[in-house]
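Please read it alongside the sequence and the coordinates.

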Amino acid sequence: MSQTLVVATKIKDVSLLQKACDAMRSRNLIVVGPQLESDGKQSVTLPQWHRPCLFSCDEAGEVSFDNYSDYYDNRQIDPRTGQRIAGSGDVHPMVAAGKVRAGEGGRWGDLAYLDMLQNEYSIASVMQQAAAQGYHVTRGDMTQQSGLVELTVHVPG
Amino acid sequence: MPELKIQVGPAGEVKIDGVGFVGKSCDSVVDAFVRALGRDPSSVVRDYKPEYAQLDEQLNASGGAG
């Protein structure tokens, strides 16, 4: 069977979060963490961010942060689908309309670095799963224009 | 050899494309990667390729199973 699907990654695994932070540091970016906080969450301070992002690293795989953005979204997340639940909290009209992302234009932190962390986490997840199954992986270079990283997992027939 | 073509986007979103699989063998391989990415495989929308339907018809016609 051949199929195509799209997955929005959730950050649930501390060791993979650590790998993602290490990958960013290998690009000479200053990243602090992950560090275990008293509430059980893992904190990561991204480059040029004033405050750390907090990762639940549990089944919910949630990330919370305050980057002093005008665009908020306090709606709860459906743990199964990962989608926001309509009517479960306040949301900026522009975010609700899908015109901007929550946290966009933050004065205390650029979402691009959070995206980069998510990108590295996804890559680490794929590499770890492939290694666990004994699959060989070929990694292509990042496409500069699209920012896509292509991984080919060779599965024994 | 079957392959998974995986594209990781700039914000960590992942597109998985199964290529060259026979029958339903692709499901278990892909689902393991979906779980590794922290998602429930049953909550993910899949786009089955036309050749899958064709292959299924062939298997059904010959009494085979995928």
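Residues are numbered from 1 along each chain as its sequence is written, chains are lettered from A and ligands numbered from 1 in the order in which they are written, and side-chain values use heavy atoms, with hydrogens and water left out.

**Confidence.** For the complex, the predictor gives an ipTM of 0.80 and a pTM of 0.86. Helices (H or I, at least four residues) and strands (E, at least two) are DSSP runs, numbered from the N terminus.

| Element of chain B | Residues | Mean pLDDT |
|---|---|---|
| Helix H2 (lowest) | 50–62 | 59 |
| Strand E1 (highest) | 3–8 | 94 |

Where pLDDT is low, the predicted coordinates should not be read in detail.

Four strands form an open sheet in the order E2-E3-E4-E5 of chain A, with antiparallel pairing; two strands pair if DSSP finds at least two bridges between them. Its edge strands are E2 (32–36) and E5 of chain A, each of which pairs on one side only. Three bridges link E2(A) and E3(A), and A:Gln35 has A:Ser43 in E3(A) as its bridge partner. Five residues lie between these strands in their hairpin, where A:Gly40 takes a positive phi near 90°. E4 (residues 53–55) of chain A is joined to E5(A) by two bridges, with A:Leu54 partnered by A:Ser64 in E5(A).

H3(A) packs on the sheet, touching E3, E4 and E5 of chain A (contact: heavy atoms within 4.5 Å), and its direction makes about 30° with that of E4(A). Axes are lines fitted to C-alpha atoms, for helices over the stretch in contact, and angles run from 0 to 180 degrees between N-to-C directions. Helix H1 (residues 14–25) of chain A lies across E2, E3 and E4 of chain A and runs at about 165° to E2(A).

**Largest pocket.** By class, the lining of the largest pocket comprises 16 nonpolar (Ala, Val, Leu, Ile, Met, Phe, Trp, Tyr, Cys and Pro), 12 polar and nine charged (Asp, Glu, Lys and Arg) residues, the others, Gly among them, counting as polar. H3(A) gives the most to this lining, with four residues.

Terms used: Predicted model: local features only at pLDDT ≥ 70, side-chain atom pairs only at ≥ 80, totals over all residues. pLDDT = per-residue confidence, 0-100.
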